[in-house]
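Below is a short report on one protein structure.

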Amino acid sequence: MKELSKDDRLKKNLGLFDVYAICTGAMFSSGFFLLPGLAAAKTGSSVALAYLVAGFLILPAMFSKAELSTALPRAGGTYYFLDRSLGPMFGTVGGLGTYLSLSLKTAFALIGIGAYASFFVALPIKPVAIALTVGFVFINITGAKETASLQRFLVVTLVTILTYFIAQGAYEAIAVQPDELVDQRYEDFLTDGMGGFFATVGFVFVSYAGLTKVSSVAEEVKNPERNIPLGMILSLVSTTLFYVLGVMVMVALIDPAEFHKDLTPVATAVSKFDTFIPQNILVGFVVIAALSAFFSTGNAGVMAASRYPMAMARDKLLPDGLAKLGKFKTPTMAVVLTGVIMICFILLLDATGIAKLASAFQLLIFMLVNLSVIVMRESRIESYDPGYKSPLYPWMQIGGMIVSVVLIIYMGWMAILFTIGMIAVCLTWYFRYARKRVSRTGAICHWFQRLGKNQYDELDQEFRGILKEKGLRQDDPFNEVVARAQFLEIDKSEKFEDLIKEASIMLAERLKVDATKLEASFLEGTRTGRTPVTGGVALPHMHLMGIDKPEMVIARSKSGMQVDVFDVMGDEMEQQTFAIFLLVSPEGNPGLHLRMLAELANRIDQDEFLSRWNEEPNSAHLKQLLLNDGHYMTLTLKTNNGSQKFIGKAIKELGLPEGSLVAMIQRGSQRVVPSGSTILEEADRLIIIGEPKILTKLRVLIES
């Protein structure tokens, strides 16, 4: 559970549209092109309503996964969330359950490829699906993978075709088909009562399972706090709309007796269109779109599913061989195992059985994911810091768990017994194999911290490492705090306790608090091991009630200052420090405090930080080492250049570009904390922070 090195971290290169494309592309395959007829056989024309209800009922799982993905963006997705929240036992059940669910869903998609491929060549469906499984296994072993550009192209193509399908289909149903015929096809509503309807809701629930697939790539998403929840919401809204309207078109255009047995309902509906486009071209176009969707889901499914045994093997829950990379730097054994399991599913289960079991497993996993959010919140681990929080907590999660249980029950005894059987298999595996190989516990033990049982402190350390990798949020005031930080240059004779006292006085004056309380808290943190001291840098820090923003004092000792620190065993040791950062943050925002500390650690980890730290001539240059490159500028007000227009004006009168901020004013030997009414004087030296584009505009304004 050590922090990932820079070489092991995945690049953040996925934007909002990539998140949307991943979610949407994973949902538009079997759920639209294969499943509607089979679902309609269970509930009649109310099948469109079943899709709508299923889309609504996935909201708790979507919000929960969005929260967990922004807090813990790690490869392994659902498995990682469950393992770190509920512990290795539930991680084993959840990991294997998700793995089998993905394998089932991918097998279902490959059966769909076989069904639509028969439009071109008359081939048996299951042998085609098995051959495709072998092909995708080979592709994944040799290193080919789904790229963001391909996924975007496929989704744009699919959305375009489906928009035409719905528009033309609605026209056919309203203007071409006899009203009596359409009304007759919609008469068979709730053919098997409410029980059959809710069973159908559970049956089509698998259609939305791809929505949360993005959690497995959360580590690669830029600005995940915004892009993951927004991308998921946009995907769910548009996909639900396409599902409901598209299925309504199918119900209106296809005879029920034919529809209920049809494995290619979209192509069948298109064959009913009366347009100027030749039927063979129109059907062929839809078939190609369907095959593209199935191929995308199939290839990505093999890849995604195979990563679960790899991640679990890395955590010692499965044999080590599944984590090993082969000749092509892919988890060869995990990919082969996934292919074998998928072939068994294809051979032993029919399409309905595969869809039902995939939905049952997914419902089980969603139930555990909702529980994970409750556990994480109630564990009170400060380093659990989601950038997006699920609304209506905890009722959203409780409702999601209840819905999962109810839908599994309505899906019948086969799904229930199979789900119970798999839980039993997973638990047997955990207790017979995995339990003796792992020592960690989940966040649930922190929930029972008052009982003093099994709290696993390394979990907090792991989450702090994730915070460091995630970096700051867009609105975090790190640059502002650094820019206005007060500075101390320490001489050789000064002791650490003297520095703490002097810095506490400076902070107390700015924060309007008691300096002696600050001093005592800083020293207590150092004595109890809460002050990080490593690599020549010390970070004394605290939360403080009654303040509304962080403040910091930066100190430098070129000759080195001895700091007494204590290890976990309480043993005292001396460490030489050259840079000391004293940070005070509001007590009600521990996440901000930890992100500030993590960002300081990131700056300190830069190459040659200490050597550059000791070489810089003054505090302004030292702060530049800590500020984000391109996110600050310094400006000295003079009468012989463009800055003269600012002299004698209040800051609020300057007309600075929106998004820029005067963070500090150096006026002779005095530092002025600016406000909107601060009047600027000649020779004032301003530190201004903002995004690079904003500061470029400001430079143009000054030069003009």
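Does Y410 count as buried, partly exposed or exposed? The model is a predicted one, and in it Y410 has a relative accessibility of 37%. Buried means under 20% and exposed means over 50%, so Y410, at 37%, counts as partly exposed.

Y410 is located in helix α18, which covers residues 395-410. Together with W395, I398, I402 and V406, Y410 makes a nonpolar surface patch of about 500 Å².

## A buried serine in a loop

S643 sits in the loop that runs between β7 (632-636) and β8 (661-667). Its relative accessibility is 0%, and therefore S643 counts as buried.

Which residues does S643 touch, if those up to four places away in sequence are not counted? They are L635, T636, L637, K638 and I702. For K638 there is also a distance to report: a polar atom of the S643 side chain lies 2.9 Å from the backbone nitrogen of K638.

## Two nonpolar cores

The largest nonpolar core has 124 residues, and the members that touch the most others are F32, F33, Y51 and F165. The element that gives the most to this core is helix α15 (residues 279-314), with 16 residues.

With neighbours within four places in sequence left aside, F32 is in contact with L162, F165, F242, Y243, G246, M250, P265 and V266. One of these, F165, is also listed among the core members that touch the most others.

Conventions
Residues numbered from 1 in each chain as written. Predicted model: local features only at pLDDT ≥ 70, side-chain atom pairs only at ≥ 80, totals over all residues. Heavy atoms only, no water. Patch = residues over 30% accessible without salt bridge, like charges linked within 9 Å, V, L, I, M, F, W, Y side chains within 5 Å. Areas by Shrake-Rupley, 256 points an atom, 1.4 Å probe, with all protein chains shown as cover. Salt bridge = Lys/Arg side-chain N within 4 Å of Asp/Glu carboxyl O. Helix = DSSP H or I, 4+ residues; strand = E, 2+ residues; numbered from the N terminus. Buried < 20%, exposed > 50% of the residue type's maximum accessible area, 1.4 Å probe, protein only. Polar contact = N/O pair within 3.5 Å; in protein donor to acceptor, adjacent residues only side chain to side chain. Contact = heavy atoms within 4.5 Å. Core = buried A, V, L, I, M, F, W, Y, C linked by side-chain atoms within 4.5 Å.
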